[in-house]
Amino acid sequence: MNTYIPAEFEVVRNAGLCTVCRACERQCSNGVHSYDKERGTMVADATKCVNCHRCVCICPTHALKIVRSGDVYRTNSNWSAQTMNEIFRQANSGGVLLSSMGNPNDLPVYFDRILVNASQVTNPPIDPLREPMETVVYLGKKDVVIERDEHGRLIDNLPPQLRLNTPIMFSAMSYGSISYNAHEALARAAEELGILYNTGEGGLHKDFYKYGKNTIVQVASGRFGVHEDYLRAAAAIEIKMGQGAKPGIGGHLPGAKISEDVSRTRMIPQGVDAISPAPHHDIYSIEDLRQLIYSVKEATDYKKPVIVKVAAVHNVAAVASGIARSGADIIAIDGFRGGTGAAPTRIRDNVGIPVELALAQVDERLRREGIRDAVSIVVGGSVRSSADVVKAVALGADACYIGTAALLALGCHLCRSCYTGKCNWGIATQRPDLVKRLNPDIGYKRLVNLVTAWNHEIQEMMGGMGINSIEALRGNRLMLRGVGLNETELRILGIHHAGESM
Amino acid sequence: MYSNELTLKSAPLEGEVRIPSGCAVSAIIDRGGRRMTGADIIASIATMHDRSNGLGGGFAGYGIYPDYKECYAFHLFYGDFQSKKATEDFLITHFEIVYSSEMKTRKIKKVANEPIIYRYFLSPLSKRLENSLLDEEQYVVRCVNKINAEIDGAFVFSSGKNMGIFKGVGFPEDIGRYYLLDEEYAGYSWTAHGRYPTNTPGWWGGAHPFGLLDYSVVHNGEISSYDANRRYIEMFGYKCTLQTDTEVITYVIDYLLRVKKLTLGEVAKVISASFWSTIGEKSDEERAQEEYLRKAFPSLLITGPFSIIFGFTGGLMALNDRLKLRSMVCAERGDRAYISSEECGIRAVAPDLDRIFSPAGGQPVVYTLREGADI
């Protein structure tokens with residue numbers, strides 16, 4: 001049965017402004033716009049529209065806008081239009097629903113319920129325009145025994161450390177899920193900013209080996225693109241155990257996005273869906289993880305920190321404690337709002353927990369066990385602004401991963417259609433005609449701008465608190481207050497309610 | 001924890017709420033080891049009267065108990081005689097009590113609501129110590145923590161050898177005279193503190209100096225890194241029950257100095273670290289050392305305004321936050337060295353000086369006894 005699902009959006013074209021230049025038609029990979037020869041006007045098939053705003057942005061006369069369609073089902077608070085449409089789709093296809101980007105549903109965003117402190121009278125706020133304001137962080141193990149040489153000088157016996165000029169990194173996004181140009185922009189921006197980007201599980205394109213000092217390479221369950229040179233090229237290695245958008249399952253790259261170049265980089269066949277397994281098949285328990293961590297360390301002469309990335313799930317604190325005792329240098333926690341190129345909708349929207357709660361619990365558990373020093377903590381999913389970074393650091397994070405925010409800087413408009421491979425912004429696509437729309441020269445500058453701007457804002461907020469180094473903010477929960485949170489939420493976050501004094 | 005009717009009725013106690021405060025600090029050391037009464041240190045801190053508001057004052061004296069220098073001198077506040085009995089029951093099962101007495105004090109109008117104050121000279125019971133599998137200092141620290149945390153109404157406020165802390169609610173000069181520091185005691189080194197809390201019920205245990213074994217800290221400032229420092233140091237068995245800056249600073253220094261065996265200079269480079277840009281300009285060797293310390297102990301960096309005087313057996317260290325957001329002056333005259341929040345605190349007792357200077361932010365000034373000085 002061919003069930004009709006009404007268009008979600010309506011393409012509104014101001015006929016008085018439209019010059020029929022047909023740019024929208026050329027720009028839309030979804031085939032929404034076309035030229036009606038007989039009438040001499042542009043027409044639109046709104047059923048194909050994903051609301052990516054590409055046509056709106058490039059229309060030279062601003063003749064276009066996309067609005068939510070007024071065509072609605074009979075109002076029902078239990079059965080939303082989306083729920084009904086999903087049922088229609090599944091009844092049609094018999095398939096699992098796919099979605100892209102992070103969970104968009106109306107669930108609590110704890111960052112928005114946390115407020116930050118500032119100094120008044122009893123200690124001075126510090127002005128970052130006039131005083132040094134340090135945002136440099138070193139990620140890695142700190143739990144060393146002090147050793148001295150024969151002259152009594154301290155011996156540098158610290159395990160490998162990653163230096164970041166600001167506590168922000170670009171999170172894992174594979175070549176394949178995003179384009180060559182997107183990767184180039186991320187790599188160049190990371191280099192200029194003195195931070196790191198992450199290859200995701202898609203391997204490292206040979207052109208990007210030169211950015212190795214600013215690259216984290218990922219080893220995921222599919223082991224795509226993993227070989228000795230790949231590990232050695234990087235500044236750090238991330239073992240991906242899970243992802244916030246899809247805890248409990250592996251990655252999924254639709255065959256349409258596996259071009260020849262992607263296939264070579266990933267070392268997998270062209271044009272066939274690449275589905276990495278849910279577990280690593282050599283890791284069925286924590287002691288197996290330890291073996292993989294040390295295998296990777298052996299392969300890289302113990303010169304590179306190893307990150308273990310997990311999705312924020314209910315027992316994340318216990319999991320993190322196990323990881324901290326297994327030789328990992330850094331733990332990355334990915335919250336349930338984390339982005340993805342493609343994930344089963346039901347999993348994305350229903351599995352995992354908010355990263356704020358996961359972070360607070362992991363940090364507290366590691367401290368209670370006296371092993372917070374054994375690892376650094378990096379959080380992502382989703383960090384949307386410098387304020388989120390400040391709050392995450394004060395809750396206990398050493399640094400944050402940003403993915404969606406970085407893609408937005410490159411032009412993404414969050415239409416959440418990455419899995420189709422037809423990204424009109426040249427980001428989540430491998431079609432050469434679309435990829436070339438993303439100019440890496442411009443893209444990398446926009447990423448540099450974004451992180452630079454955030455760094456300024458972090459400095460302003462730190463200065464307001466009278467803190468002149470990010471180290472003194474880390475885990476400094478007295479600087480945070482919850483607003484509108486219940487006792488349980490406050491206890492889990494380890495913060496007081498707004499209005500309670502120090 | 002110590003409490004009495006008065007404090008229970010009013011605002012929350014120290015430790016139940018975090019109280020920011022401004023302050024005055026002062027210290028004098030005779031590097032030749034000659035002992036002096038508390039008269040000068042009282043005169044010094046009294047000059048800075050307006051930096052305190054009468055809600056706390058205190059002193060630490062080093063070398064004041066030469067007759068009992070091998071014993072741990074415990075000073076205790078009691079809220080009532082029940083807590084005294086409970087504490088003494090605990091003490092006799094863990095220590096040999098070599099001598100004990102009520103603290104000698106002088107009644108002063110301006111010092112009111114004083115608790116019961118006792119002093120004990122103690123030697124750990126060797127069998128108990130052996131069975132604890134702890135070193136002697138750690139054993140004593142555990143006992144102090146146990147009394148403070150578990151015996152309601154009792155508070156150990158001094159626990160070092162051949163040194164003592166004297167403190168209370170009032171202006172520091174009155175507290176000094178209350179304890180007869182100008183008559184009864186002579187030491188080679190003294191520190192003093194006058195407190196200006198913005199909100200306090202006036203609890204005697206909350207006054208400064210704060211001490212742990214022979215370490216004592218007086219501090220002026222309000223650190224912005226407090227909770228980062230606290231949550232880190234509590235990983236290592238310390239419990240910040242008072243929620244004061246001075247308490248956490250003392251624990252941080254104790255951890256770095258006694259547990260991690262860093263030098264005083266290295267401790268300064270952790271808690272008041274040079275900026276990365278400054279470290280970058282240093283010689284290779286210095287850079288390597290300072291980078292190592294910052295990378296290894298990032299959570300013990302202390303930010304926000306502070307000037308501290310750290311007292312220990314045989315010396316003093318003065319240290320400012322790295323931006324120097326609190327005033328502090330050092331001076332020397334012969335064997336005598338002086339540290340004070342303001343120059344007037346020094347000139348009041350030593351008008352003629354060989355040298356006077358303001359140490360830069362993050363630059364520790366350490367004065368220790370000269371070699372051969374007998375204490």
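Q: In which helix of chain B is the place of B:Tyr178?
A: This is a predicted model. The helix in question covers residues 172-178 of chain B. B:Tyr178 has its place in α6.

Q: Does B:Tyr178 count as buried or exposed, and how many C-beta neighbours decide it?
A: A residue is buried if 20 or more other C-beta atoms lie within 10 Å of its own. B:Tyr178 has 21 C-beta neighbours inside 10 Å, so B:Tyr178 counts as buried.

Q: Which residues does B:Tyr178 touch, not counting residues up to four places away in sequence?
A: B:Lys109 is 69 residues from B:Tyr178 along the chain, and their C-alpha atoms are separated by 9.7 Å. Leaving out residues up to four places away in sequence, B:Tyr178 touches B:Thr105, B:Arg106, B:Ile108, B:Val111 and B:Gly168.

Q: Which element gives the largest share of the side of chain B that touches chain A?
A: The contact draws 37 residues from chain A and 32 residues from chain B. On the chain B side, the elements giving two or more residues are α8 (226-233), α11 (276-280) and α12 (284-296). The largest share is five residues, and it comes from α12(B).

Q: How do the residues of the side of chain B that touches chain A divide into nonpolar, polar and charged?
A: Chain B puts 32 residues into the contact with chain A. They divide into 16 nonpolar, nine polar and seven charged.

Q: How far apart are the end C-alpha atoms of helix α7 of chain A, and what should its residues span?
A: Helix α7 covers residues 286-299 of chain A, which makes 14 residues. At 1.5 Å a residue, they should span 20 Å. The end C-alpha atoms agree with that, being 20 Å apart.

Q: Within what arc do the buried residues of α7(A) fall?
A: The buried residues of this helix are A:Leu289, A:Ile293, A:Val296 and A:Lys297. Seen down the axis of α7(A), they line one face of the helix, because they fall within an arc of 100°.

Q: Which exposed residues does the face of α7(A) turned away from its buried side carry?
A: The buried residues of α7(A) pack against β11 (215-219), α5 (228-233), β12 (236-240), β15 (306-311) and α8 (316-324) of chain A. The face turned away from that buried side carries the exposed residues A:Glu287 and A:Glu298.

Q: Which residue with a positive phi follows α7(A)?
A: The phi is near 55°. The residue that follows α7(A) with this angle is A:Asp301.

Q: How many of the ten residues of helix α11 of chain A are buried?
A: The helix covers residues 386-395 and is mostly covered. Its buried residues include A:Asp388 and A:Lys391, along with A:Val389, A:Val390 and A:Leu395. Just after the helix, A:Gly396 takes a positive phi of about 140°. The number buried is nine.

Q: Which residues of strand β19 of chain A point one way, and which the other way?
A: In a regular strand the side chains alternate between the two faces of the sheet. The four residues of 399-402 in β19(A) are all buried. A:Ala399 and A:Tyr401 point one way, and A:Cys400 and A:Ile402 the other way.

Q: Which residue stands opposite A:Cys400 in β19(A)?
A: Strand β18 (residues 376-380) joins β19(A) through two parallel bridges, with A:Val378 as the partner of A:Ala399. Strand β9 (residues 168-170) also pairs with β19(A) in the parallel sense, over three bridges. The residue opposite A:Cys400 is A:Ile168.

Q: Which residue in the hairpin of β2(A) and β3(A) takes a positive phi?
A: Strands β2 (residues 33-36) and β3 (residues 41-44) run antiparallel, joined by four bridges. A:Tyr35 stands opposite A:Met42. Four residues lie between the strands, and the one with a positive phi near 70° is A:Gly40.

Q: How far apart do the C-alpha centres of domain 1 and domain 2 of chain A lie?
A: Domain 1 covers 9-95, and domain 2 covers 137-145 + 168-497. Their contact takes nine residues from domain 1 and seven residues from domain 2. The C-alpha centres lie apart by 33 Å.

Note on methods: Residues are numbered from 1 along each chain as its sequence is written. Chains are lettered from A and ligands numbered from 1 in the order in which they are written. This is a predicted model: local features need pLDDT of at least 70, side-chain atom pairs count only at pLDDT 80 or more; totals for chains, interfaces and linings use all residues. Two residues are in contact if their C-beta atoms, placed from the backbone, lie within 7 Å. Ala, Val, Leu, Ile, Met, Phe, Trp, Tyr, Cys and Pro count as nonpolar, Asp, Glu, Lys and Arg as charged, and the others, Gly among them, as polar. The expected span of a helix is 1.5 Å times one less than its number of residues. A residue is buried if 20 or more other C-beta atoms lie within 10 Å of its own, exposed if 12 or fewer, and partly exposed in between; C-beta atoms are placed from the backbone. The arc is that of the directions from the helix axis to the C-beta atoms. Domain bounds come from an automatic or database domain assignment. Two strands pair if DSSP finds at least two bridges between them.
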